[in-house]
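Try each task yourself before you read its solution.

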Amino acid sequence: MPTAEAPPPAALWRALPRALFTGGNEVRLLRGGDDMFPAMCEAIARAHHDVWLATYIFHDDDCGQQVMDALIAAARRGVRVRVVVDGFGSKATLGELRERLEPAGVALAAFRPIGRWWDWMQPGQMRRLHQKLCVVDGLDAFVGGINIINDRYDLRHGLGDAPRLDFAVHVRGIVARPIEHAARAAWTRAWFGRDFREEIVALARGAEPIARLRSLLRRMRMPGRRDLRIGFADLPPVQVAFVVRDNLRQRRTIERSYIDAIRGARDHVDLMSPYFYPGHKFRHALRHAARRGVKVRLLLQGKLDYRIAGLAARVLYDELLASGVRVFEYTPAFLHAKVAAVDGDWATVGSSNIDPLSLLLNLEANVIVRDADFNAAVSRHFEDAIALSREVGNEQLRGNNFGWFLIRGFVAWCAHVYLRIGGATGRY
């Protein structure tokens, strides 16, 4: 059995711009909310010390109520529960969340809330919290692309017949610690922003400055948790890395991890993403891999939730197909999975799309797993989805080439303007 090893210090996880792998982890692939919500609620029910949850969408449907019930029960038995939601993604349900969670003792923070139209004028408002994280007692963690919402319900299109295709990973072991650091950082950042605004208003109204400052610092102080003693040596020696996209040292860590894996591929690259508009280096890595004989397959949206996103992907089809990349569109339901598998021993699951919003603006989080069994599980789901998809052929792209050239230029211009307004710099 592998020996237990201490997790690297938190500062190291935040500072490294590349993936850092550790052993002594156990991983399980979860398909959709039907797999994830029961597993997550079961872990929360076992919590002794704390629960950290970060998500883009926290809806108030049956699945959201199920998770809320678990969080409330944990808080009422003395567990410290902290939840952070994106202020735009969860805007419609923020009031309901506060009414249910806060009276039970759950601390709820909204990341960059959008109350009025002029809130969009504040710096950085286009940089959203897109991570989906849940960590229990620093031991059990959930990372992926699944929001807290029923798989069969879409906020724009309503209830559908088939569940959206999405995945998450349940991990236990050393890698749960940096996942907790990321969830804590998102919550602290959102909570501090709220407290800071409240204190500024109070000071403006004449409250005694020193007392208000002390109140702010007291509420920001987080009591330490005595770590549960767990035998990491008893867990399978699975190599796992947790990677994030932030606006500090790890601005392009997720993108770099993808590109490094594609460049090193020898047999195959299977990539699944609903929103696909990669930058120059990413596209070059895909094309070059296909040209040297690697089997490269992309599974993208066939049933579109946003037409502009589908158009952005399709303007790239010609150059990808010309290099030997095969492109498939998933049509049975909405595709929301952000998954890739390379050569049978590298796989990633997370929240990051392959588009400029995820790779350059939003806060994102993925896990990378180097394990043959896990990779095989990802590949099985990929093959099942491919069997239900339609392949895009060159004949479907023939027609008005000049028209497509204009559309491609328009999409590139829109992406450039959006990124500059959002504050992104550098070439994409």
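**Exercise 1.** Find how the residues of the lining of the largest pocket divide into nonpolar, polar and charged.

*Solution.* Step 1: recall the classes. Ala, Val, Leu, Ile, Met, Phe, Trp, Tyr, Cys and Pro count as nonpolar, Asp, Glu, Lys and Arg as charged, and the others, Gly among them, as polar.

Step 1: sort the lining. It divides into 25 nonpolar, 11 polar and 10 charged residues, and 46 residues line the pocket in total. This is a predicted model, in which local features need pLDDT of at least 70 and side-chain atom pairs count only at pLDDT 80 or more, while totals for chains, interfaces and linings use all residues. Residues are numbered from 1 along each chain as its sequence is written, and side-chain values use heavy atoms, with hydrogens and water left out.

Step 2: be clear about the word "pocket". On a 1 Å grid over the protein atoms alone, a pocket is an open set of points with protein on both sides within 12 Å along at least five of seven lines, whereas a cavity is a set where a 1.4 Å probe fits but cannot get out; lining residues have an atom within 4 Å of a point.

Step 3: look to the centre. Tyr56, Phe88, Tyr275, Tyr306 and Leu357 lie nearest the centre of the largest pocket. Its volume is about 1,400 Å³, where a volume is the space filled by probe spheres set on the grid points, which are joined across faces, edges and corners.

**Exercise 2.** Which element supplies the largest share of the lining of the largest pocket?

*Solution.* Helices (H or I, at least four residues) and strands (E, at least two) are DSSP runs, numbered from the N terminus. The chain has 13 helices and 17 strands.

Step 1: At least two lining residues come from each of β7 (153-154), α9 (307-314), α11 (356-361) and α13 (401-422).

Step 2: α13 has the largest share, with four residues.

**Exercise 3.** Describe the largest cavity and the second largest cavity.

*Solution.* Step 1: count. There are five cavities of 30 Å³ or more.

Step 1: take the largest cavity, which holds about 70 Å³ of space. Of its 14 lining residues, Met36, Met40, Lys132, Leu133 and Ile146 are closest to the centre. Two or more lining residues come from each of α2 (32-45), β2 (50-55), β5 and β6 (140-144). By class, the lining has 11 nonpolar, two polar and one charged residues.

Step 2: turn to the second largest cavity, with a volume of about 50 Å³. Its lining includes Pro274, Leu300 and Tyr317. α9 gives the most to this lining, with four residues. The classes here are six nonpolar, two polar and two charged.

**Exercise 4.** Why is the pair Trp187 and Trp191 called stacked?

*Solution.* Step 1: state the rule. Rings of Phe, Tyr and Trp (its six-membered ring) pair if their centres lie within 6.5 Å; planes under 30 degrees apart count as stacked, over 60 as edge-to-face and the rest as tilted. The structure holds five such aromatic pairs.

Step 1: apply the rule. The ring centres of Trp187 and Trp191 are 4.8 Å apart and the planes are at 20°, so this pair is stacked.

Step 2: Together with Trp52, Trp187 and Trp191 form one aromatic cluster.

**Exercise 5.** Are Ser352 and Asp343 buried or partly exposed?

*Solution.* Step 1: set the cut-offs. Buried means under 20% relative accessible area, exposed over 50%, and partly exposed in between (1.4 Å probe, protein chains only).

Step 1: start with Ser352, in the loop between β15 and α11. Its relative accessible area is 1%, so Ser352 is buried. Beyond its neighbours within four places in sequence, its contacts (heavy atoms within 4.5 Å) include Ile254, Lys338 and Asn366.

Step 2: move to Asp343, in the loop between β14 (339-342) and β15 (346-350). Its relative accessibility is 26%, so Asp343 counts as partly exposed. Its phi is near 60°, a positive value in a residue other than glycine.
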